[in-house]
Structure formats: C-alpha cells, structure tokens
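Please read the following report on a structure with the sequence and the model open beside it. It goes from domains to chain contact and then to sheets.

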Amino acid sequence: MNNSVKFRFPGVVKTPSRFRNPIGKYRLNRTEACEACGKCVEICPYGVHVIRRGKLYIENPHLCVGPDCPNPCYEACPVKALSFGKNPVFDLLGDFRWTPDLLASTWHMAETGSVPSAGLEYKAGASGGGFDKLRIVMKQGSTGLAEISDDDIDVTVQLNRRDDNAHRVSIEVPFYGGGMSYGSVSINTILSRIKAAKALGTFCCTGEGGYPDELKPYADHVITQVATGLFGVREETIKRVKIVEFKYAQGAKPGLGGHLLGDKVTPGVARMRGAVVGYPLFSPFPFHSVYSVEDHKKHVDWIKAINPQALVSVKVSTPTDVDMVAVGSYYAGAHIIHLDGSYGGTGAAPEIAKKNIAMPIEYAVPKVHRFLVEEGVRDKVTVIAGGGVRTPHDVAKIIALGADGVCTGTADLVALECIRCHNCESGRGCARGIATTDPELMELMQHDWGTRRLVNMFLAWKKELTRILKRLGMTSIRELVGRSDCLVHLDYIKSKE
Amino acid sequence: MSEYQHISNIITSRKHLVEDLPKRPCFETVAEGGCGVTGFACSIPVRGKHIFEPSRQMHNRGNGRGGGIAAMGFDYRMLGVSEDILEKDYILQIALLEDGVLDELERLFIKPFFKVDFSEALPHVEDYRDIPGLDVRPPDVWRFFVRVKPDVLKAFVDKNGFAALSQRQAEDEFVFQNSFKINKMFYEAAGRQRAFVLSHGRNFFILKIVGYAEKVVQYYKLDDFKAHIWIAHQRYPTKGRVWHPAGAHPFVGLNEALVHNGDFANYHSVAEYLRQKNLYPQFLTDTEVSALLFDLYSRTYGYPLEYVIEALAPTMERDFDKLPEEKQKIYRAIQTSHIHGSPDGPWFFIIARNNTENDRLELIGITDTAMLRPQVFALHDGQVQVGLVCSEKQAIDATLKSLSEEDPRVGTVADRYWNARGGSYTDGGAFVFGLEKNGSALERRLTCADKFGSIVSVPQDQIPYLPGRVYYMMEDEYRCRFDISRFFDLQIPDLLFAYVKDGIRLWDYADLMDCLKEIRAWALKGDAHFDVALKALTLLLDRRYPTYDKKRRSVVQMIGQTLDAMFRSFPSLMTQGEKGAYRKIDWETREFFRGPVYNEKVLIIDGSLFPPEGDNCDSRLMSEAYLRGWRRFIVFGLKGQRFHGCGFGPDSGGVRVDIYGSSGDYLASGIDGMTVHVHGNAQDQLGQIIKSGRLVIHGDVGQTFMYGAKGGEVYVMGNAAGRPLINAAGNPRVVINGTCLDYLAESFMAGDPLNGGGFVILNGVEFDNDGNIIPLETPYPGSNLFSLASGGAIFVRDPYRLIDDQQLNGGEVLQLKQRDWELILPMLEENERLFGISIENDLLMVKGERKNPLEVYRKVRPKQKDDISKDGLEEWED
C-alpha cells in the first residue's frame, strides 16, 4: 500500500436526530420565572439552550449531561427557573446489554462524531458478563504516546494475508458492516450503511437477501453473502464484489437458520428473492451441499471459479470446536474467518437462542487465536469477530483477545436511532423505519441522513480507538492483536494481585 | 446360565482393560475433518496400483495429512506363507513410531502369547523423500502371522468363562484384547506415542501414512501386490500438524477395516455408550468408534449384518411403517437397545470385512439415515466381476479404467450405477458385495445384495466385449459392408443412429467396431460429416435401446472410445492453416489460447489432464474462452473436473456446452442463459442457483441438485439423489423422469406455477434392460416431499395414487386440472424429443391402456395459507 495515496477520512457533519424530541437521559424544566437573560445559553458547554427572538428554548435536552455538568445552568440561573431531573422514559429503554446509556451515547456519537464527554457511560453495558466484565488496563500515570499525532496511529487492517492472486484488500478502520439482508432492513438502511462504508474505506455486507441494484455504485465496498438459503445469489453479484462471505451460521441463532416472517415479504422483497409475497422465507440451518470440510473446500472453489480474485470470508458461529472450524476454513482457502458471537442479533432472533446456544465470543476469539498461532498460520488469515460489538472499547477488547478486526451490526442500527424495542420481526412495523420493508415506514429515514450518522459514529469510534492505542503505547492496531495482557476480568482482578 | 451369558462374559472380560483409564468428562475428538472414500471388490486378486488412480483423483477431498488403505483377500504366495497359514493366522501389523520399541513390544505382548508363524518388516522405499509430496516419514511396519498358544488360550477361556464360545471366537477376543493392551501401553492419544496396532484380523491388513492415500501404495511397494478388496481413504483433518498417521483411516474392529466420510455430532455419547460395554476409544476419532461399534454388534452380539446396519442407521418415520410387521418388531428392539450408539450426523462407511465364519469376503457401503454424504455404488459383471463404492462416480470410473488397462476383461463402464437410500424400507441404505470361494480362494464369485438380502443383478444372457481379440477381415469386405454413406451425404444423423441401433441385433462386436470405425472415417472427411457422426454417436450414447446379446456397458464403452478418438483428431489452436469449425485445446496446448478466427465455432476441450479446480482448471479456461468469443464447447475426457459452466456471468444465452466423460461436481451452477448437455450420469451439486438456461442430463444426477435455483429449464433422464431443488425460488422448471431418494423440493418457494412460477414434473419411470419405459414401484419412495414449501408445485405421474399424506409436510395433493396439463405438456414434449420418452405410448399408458392425463398425473402444492396456521405452527394465539 506504500505507493497509494493516504486515505482521507471525511469530516464530521453534525447530524441531529430526525425526530422532534430526541430522547435524553435528563430532563430540564424551565419555569415561568425565566427572564430570558441568556445566562444558560452562555454557560452551557453542550448547546442545550438556545435563544430565539428573546425567548429561551431547551432545544437539545438530550445533550444535557445532568449532574456531570461542570458549569450547571440550574445552579447559575439567577432566578432559579431551571431544574433538572432524570427523564423517566430513559430507563425504559434498552436492556442490560444495550443500556440506556449506551444507546444515548451511540446517538451522541452519531450526532456529533465524538464520544460523550460526560454524563453517559459509553464504554460498557451492564450485562454482567462478556465485554462488560472486561476492562482495558492503562498504565497509571503514563500518558502513552500523547505527543504523537492521531494521524500517525495506524488502524488499517489487511484482509488478504494469503499469498494468492486474490485482491489485496485492506480496510482503513478495523471494522466493517455485518450482513443485514434486503428484506430484514429497508433499502435506505442498507444504502446508509454502504455509503458510510465507502466514506470510511471499509466494507458492508449485503446479508443474504440479494444484492439490490441500488448498491452497484458502491460495488467496491460491498461484501455479498452466500448464505444457506442462497437467496439472491447470482453469478453477476458474485463477480461484482471483492469479498464473498459464506454464512454458515449466525452467532445469535446458530443451528436455526434464517427466517424472514411473512409480513416482511413485500412485493419488492419477493421479487428480489424470487419468492411469494406474504409467505415466510426460511434459510435452512446448514448448507445442504456442505456437510463436511471437503464440501466446504469445494464450495469455496466454486466461488473462486466464478470470481477468481474474490476474497473468501467464512462466517461461523462459535461452537466448542470453533478452533477446528477456523483452521479447517483456512486450509480450505478462506482469507477471512468471521466469528460471530452470541451477543448480537436483532429482535428477530429468538431470545432463547441469543443467550444460550453458542460459546461467548470472548472465549471463542482467544481459543481460535491461540490455535492458529500454534498451527503457525495466524499471520496468513484475518480473524474478524462480531456479534454484540457496541462500542470502540468493545472493539479494542476483542482485538486484544486475538481478533484482527470486528464486524458491526446492531450498533449501526442504533446510530440510525433504533431504540431496541425488539419488534423487528413484527411485520413491517419497525417504529423507526429501519428494519422495515413497508414503503411508507421506510420513508421515515433518508439515506443521506443515515450515512452521515454512521460516518459520525464510526469516526468517533476511530478517534476513541486511537486514544486507547496511544494510551497503551502502541502505534498500530496490529500491535494490540492477541494482547490479552492488556485486559482484566473484573471477577478475577482481586485474586490476581 | 442364560443363552446370552457369553455376551456379558465377553463384555465383563474387557473390564480390567478399561477400568484404570481416566474417565473423561467429555469425549472429544482430537481432529475433525471430512474425506473421500473409495473401495472395490474384485472376483480375482488385483494389484494395489488400481487403488492409486481413484485415490489420486479424490485429492480434493483430502488435504494430504492422512491417508490409508486396507487390502483384503490375498494370494498367499505374495506374503511368503502357506495357504493354510494365510487362512488361519491373524495378521498382526504394528506401526513403530520410535526406534527400538519393537523388542520391548515383542517381549511383552507377542512372544508370551503367540505362536509366530512368520514375521517380517514391511519392505518400503528406501527414502520417503523420493516420493514427491511425502513430507512425514511413514512408520516402519512389522508384520506377524500369529496364532494364540493353546495353553494361553485355555487359560483365557477358563478365566473369563468363555466355555460357550468356540475356540475361534475366544481366540478372536484374545487378539482383540491383546491389541488393546499394546495400544494402551505404547500409544496414548494425549501423551507419548511409540507404537500402535494397525490391524490384527485375518487375511487383511491396513496401512496408513501422513500423506495422500495413494502414497501408501508407493511407499510400501504395493503396486504389484494383489488382493481381492481394496479400500482407501483421503483424510482431511482440520488440524494441520500431524507427525504420525495413527488417526488416519481405516480403523479396525477385528476382522473388518472401516473408512468413513463425515462427522458425528454425538461422538461423546457414542463413546459413552461404548464405555458401558467396556470399550474405550484410544485414537480419539469418530471413525475408530464406528469400527468398534461394528465389531461390537457383529462379533460380540453376533448380529447378522442386517441388524448391524439397522443398529447403525435406524429405519425411521414412514420407511419404518412400510416395513413388514415382523421386521418392525425386531428393528424396534434393536433401536430401543442401541439408539444411543447410533452415530448421528453425516456419515458414510465403507467396510472391508472378512466374514470368517462363512468364509466370505465382503465390501460394505452404509449411508446414514439422512443421506448427508455423497455415495455411489456400481456393479461390473462379466468374466471378471467388480463391485465398487465411492464418494464420487468419477472415482469408480477411474478404478475401472485402471483395471481395464491391465485386464481387458474389465470394461471402463460399469453395468449399473446407483445410490443407496439411507435407513429406507426399499434398500436399507446399504449394499454388500460378497466374494465367495468359487473353486479356489483366488477365483471368487461376486454377488451384490442390499441390507435385506435382495440381490442386485444385471442381465445374465449378455456377453461383454473383449478388446484383446483379433478379428480377421478381408480387405474388400471392409468397404462394402456398411452402407452408411447416404446418411452423411444427406445429413441425417437420426437415421444413422437407427441404422446402428438396428444393426446391433445382428452384428457381433467385431461388426459394431468396424461400423464405428467406418463412422469415424467418415467423420474425419469434413465438418458436415463430423456433425452427423457426432449427433448419431451421441444419440447412441444417450438413448436406451436393446443391445440383445451384447452388454450395454460394452457398447457404451466402444461408442465413448470412438467419440474420444474423433475429438482428439481435431487440430489444436496452435496449428496454422486449418479452416474447419472445430478446434481442440488440451493441457499441453493450453498456452496457445485465443479467440475464434475465420469460421471457427466449436472449442473442443480435452479435460483429461487438467486439475479438477483452481486457477488452471479447464472450467476456468472455458469461461475465459467465452470472454474471447467462443460460444460452443465440447468437453471430453473428464475425470471428475468440476465447475463446468460456472463463471460465464449473466446473459450467456446462445452458448452450448456438451460434456462427455466423468463430469464433476457443481456443473452448470449459476448458469444464466446457456445450454448444457451432460452425456452420462452427473455428480453432486449440479445447477446450484441456476438462473436461466437449459440443463439436460442424459443419466442420473447426484445430491443437492439445483439447490437455491432461481430458474432454468432442466431435464433429467434418470433419478436425482437426495435433496434436489431445496430452497429453489423463482421459476425453475424441471422434469425428472426417474425419482429422488428423499427431500424433493424442500422449502420450495417458486411462486404460482400457473402464473410464471416454477415446478417439478416427477415421472417415476425407468428404462428396463431393453430400453422400454416401465413405471417404478412407487413414483416417490421418500418420507419428505415438498416439505415446508410455500410456492411452486410438483406434478407427479401417479396413476395408482401412491403418494400419501404422510409424505407431505405442509403440502396437499390435488387432482390435476386441464390448465395444469397444458402447463406441463410442452415440457413433456421436449422431454420426449430429448430422451425418447413418449407421452402417448409411455407416460399416459397405464397397464397397456391409454389414460386421460388428468387421471395419470397429480399435483402437489403448498397448503393454502390459512391451513398452515391451523396446522399448529403458530406458537401463540391472541
């Protein structure tokens, strides 16, 4: 990549919520006593208040950081017209994994392009396990590489490490968009994700619902999926892309295949998949043509026969023998092993499956990493982990556990103002117009807006990752791979010392 | 003492072997992986080199990190022992992984117990590095011919209460236990590994290496070593670093060697089950436990083979109900006792077994109940009989070709090829090739039977062709004998076809050969003549017609050779100054590659030397040629090369590909517009995601045919194996003239057939040996038809109303309507043109009577929507 021009990231464009009343953690009240002196507008660091024609408005209540505020308006108000309290709606949002704080901080990043400075816990959730029990250890007192410019911290990931004639592909940020199919989400959602991927020099996967023609202009940033239902898989779509992803299982529901409920099979979806309107679509759990690793090799050879230069990514869930699966995939010719853990999944994945089937990703990644190192092939294959990556800290943690990069999913939707209401599967009725194929609901969101939101969020991720790397004294994300010594598990931290 | 006391005595006697072994909380395999398996049984002993070619051609099913072979039924002269010793002694074969371990092993486990009649170190190639591709030194192998000393055996019998066993049974058990002890002491899966027992049965041995299976033959110098049965296994372990071959297949029970393709999901529970019988896996692979299971059922419990197969692959669902009541009773008892030992998941076993009690050698193929692994059986009858079973048909063809090169009595084509239907009431999913002594141990008689003992046979009154014979002929007689010039002058291939077809009745092989030579001579006179010859010969190859006193396989072989010779005679692309429409390309001339010039139209690809996949394979070359402007392709000489027709991209209308030879997997997958004809049987995974175009298969087709297809017009002359058209959407239109094993059109989503959607016509007929159409016993034997389908339809030729509700899951059978008939009629007409299966005289004829199509065909379609919700599929109700 030496002779290529250094990639230029886009700038942040402030992109507020598309709804009139964005949800914030705190609620500010202004009483009649207000004299419109403008003091609050002056001192608020977050631009919560605005003054228009002599009247004060709480324009951005969601940006208020409440008690964390260094310069609180409610104390400074000369007439004590301001008071704050917790927004009662806020606690109803989300769940233990995606806490209201995480949701709000993701919205914040998507709006402003940086992590919230205060008021929100944006690093971890409250699930009591997984990433939420891991912490990155920064050396106390050390400033790391503070003097180095952010631009000199390398966060690119090389995806093709085999010495073959497939494309040399690298991504400018250590993450790309995971598969969400046309049918499960709207075309605007897909376009937002793919345009953001293009802007950030990375990729986004189509999922298994086919490759809509609208994506053609972004072909160099599309990963097309060959999944067990083979919906929408055609030679032309395979020929068009640089990366082909084989989906063997999804971490959120391994062993269950895919399902698209009848209500979501609108005429557009049916046309794309060649199915009947209104009937549910099933992807079988296995590839009926692949029951063994030599079948898998044949499968990979087939895709290479269609597109010899395509990179092959193998997406698997995390069974106990995931290490064997990974090394087998590598020997069969895969460039990327994509481990999909069980924390992800939209509302359409059954709750019982999400939490109970596969091995937690934080166990699977180091297991695979170590096994590949022992086999001596770790530097020949890219390991991408996904499934429940919510924050830049999750990214850093999983890379420290042994992945090269991550794959995002739900975080993208949250950036588009998903509120985790878990009704993705219920017909066409995504209240936020994200996971819908209903033509009317779809119009709730425009893809230009969506693109900006996603770009902002990922720029915030990148900035935060860079900060973490600098704190750890590393100049490249590659140095972090497999450095599980940079992590502690909260349950074992005492016994260790 | 109960009648079965001896069984529990045997099991108890093994207790001391395993009680000190660690109780594993979880039995895990050390490596997983898939494989390719192949095996054949021959009525005469044949050389080891014949397992070489099929193994080599299945490289892509292994990764060179484990290979093994077993050979069974020897010529005693090759082993340096007397016939008597060969028959009666155990061949104890030990792999030594450490120097100097042999003395200790002999002192502890051989000398005290065995009378050694003969022992030797196996000869091998001096330096393993002389064999290309062999990176790990194969173990030194020591072979002992042994009998248990009488006093040792007596003590063993007394100690364990084996009085009820025959001497031989007790001796078998002693050998088995002794080998277990050897492995226990010298081989720990997790610890130090110094030596292990390869095999210890009678009249067979096993050899394994880290490398491809055929290297075993080279390294241990078995090229010229003769045996009746050979099986080989290409292993594909997912773990990369392997320094010794103990984990490679075959595995041994006592008198059986087992290879396996697949993977168990329930390894742990099978291992637990075996532990209850005091059996303990020592090599931690699922194949080992399979061999132990087989030995447990057959030797310890003394089950007949049928019951052993039932215990391994239980008969389920509708198939079970279809069994006779008597069998149901027994099978239910077997299933109740042994279901926990039944391997779950995809597997296919090939077993070489010395049935010592009946003095019979057996080659057995067993598929799992769900038929998740590919498998093909074949029978070649004649002076030399061969039974074959492989993962891919191309390996069968490769074996026959190799055999026929040495012995002309073997043809290059088998009499019959077929698939087993796992756990079924029809064939039980297993076939057994038995070799019985016929005068001498070296001239055996081969029979083939399914699980239930029904014999698979071929017409007995036909004689095969012997190429070695010399036919004399007068010079002038040659010229006027065949009056075929008019066919060429008038360009009428159909009549030439009819001429030869009719001629076969009166001609002998020599005449037929001459006629074919004559056709070939004509064909070389110009492109127009070649076209006639090609069409006529292709018809002769594809169509079924009576061959009278000649074997069809011989006729097919001769036609195939004629075609190959014709194809080979065309100039390559590097030849200058040729003006014909046909050009040939092969491995040697592939560098001289260019688009068509002048009136060049057809590219003939000699696939024989191309690799089966990858950057240099011929299918890649073909799609490259398409980009350069070629539109018409003939591919011949194939040996399982894959992916023909793939990679052409969208809108390949106007392209036509004809495939001759042993075509490979994934053929015509993803095609969009082109026409592909497969002349002969096809393999697995054909026509996946096919979007549009035409695919014609003049034979049978393998597993997961047209998986995820979106469209296309497809004709299959014979049967499809398991899982055809799963998850097909859009508008695929398919005629299958035979039947399918099971799971036809599961999750079919192809819209409304009357409104542009897709459908399958299942005719349920076959050709008899004279080329007449006869109905199958049932048009569809499987338990799952059109399961969970939401669109499309299946039109079944079912005049006797044999399709029942039990076979459907979410579908319903309807009376055919006139509109339906009008929809399928054009397809059937095309079917008639392609295969000669007449609508009026064959399909609508029921018991000699012409019926109304609406009475003959039935329609299966998805149950209407509200019916589905009534089906209880909805979990919650408001």
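In this predicted model, the centres of domain 1 of chain A and domain 2 of chain A, taken over C-alpha atoms, are 42 Å apart. Domain 1 covers 26–86 and domain 2 covers 150–496 of chain A; such bounds come from an automatic or database domain assignment. Residues are numbered from 1 along each chain as its sequence is written, while chains are lettered from A and ligands numbered from 1 in the order in which they are written. Because the model is predicted, local features need pLDDT of at least 70 and side-chain atom pairs count only at pLDDT 80 or more, whereas totals for chains, interfaces and linings use all residues.

The pLDDT is the predictor's confidence in each residue, from 0 to 100. Chain A averages 88, and 95% of its residues score at least 70. Among the elements of chain A, the mean pLDDT is highest in helix 11 (residues 392–401), at 96, and lowest in helix 16 (residues 493–496), at 58. Helices (H or I, at least four residues) and strands (E, at least two) are DSSP runs, numbered from the N terminus.

Which residues join the two chains? The contact involves 37 residues from chain A and 55 residues from chain B, where two residues are in contact if their C-beta atoms, placed from the backbone, lie within 7 Å. On the side of chain A, helix 5 (235–240), strand 13 (281–283), helix 7 (293–306) and helix 8 (322–331) each supply at least two residues. Helix 7 of chain A gives the most, with 9 residues. By type, this side of chain A has 19 nonpolar, 6 polar and 12 charged residues. Here Ala, Val, Leu, Ile, Met, Phe, Trp, Tyr, Cys and Pro count as nonpolar, Asp, Glu, Lys and Arg as charged, and the others, Gly among them, as polar.

Chain B is assigned four domains, as follows.

| Domain of chain B | Residues |
|---|---|
| Domain 1 | 5–30 + 49–374 + 395–436 |
| Domain 2 | 475–567 |
| Domain 3 | 571–698 |
| Domain 4 | 702–872 |

The centres of domain 2 and domain 3 of chain B, taken over C-alpha atoms, lie 25 Å apart. Between them, 8 residues of domain 2 are in contact with 12 residues of domain 3. Helix 19 (527–542) and helix 20 (552–568) of chain B each give two or more residues to the domain 2 side, and helix 19 has the largest share, 5 residues.

An open sheet in chain B has 6 strands in the order 9-10-11-12-16-17, with antiparallel pairing. Two strands pair if DSSP finds at least two bridges between them. Strand 9 (251–252) and strand 17 (440–450) of chain B are at the edges with a single partner strand each, so one side of each has no neighbour in the sheet. Strand 17 is joined to strand 16 (residues 430–438) of chain B by 8 bridges; one pair of bridge partners is B:Phe433 and B:Cys448.

Strand 23 (residues 692–697) of chain B is mostly covered, with 6 of its 6 residues buried (20 or more other C-beta atoms, placed from the backbone, within 10 Å of a residue's own). Strand 23 pairs in the parallel sense with strand 22 (residues 672–679) of chain B over 5 bridges, and with strand 24 (residues 713–716) of chain B over 4 bridges.

Notes: A residue is buried if 20 or more other C-beta atoms lie within 10 Å of its own, exposed if 12 or fewer, and partly exposed in between; C-beta atoms are placed from the backbone.
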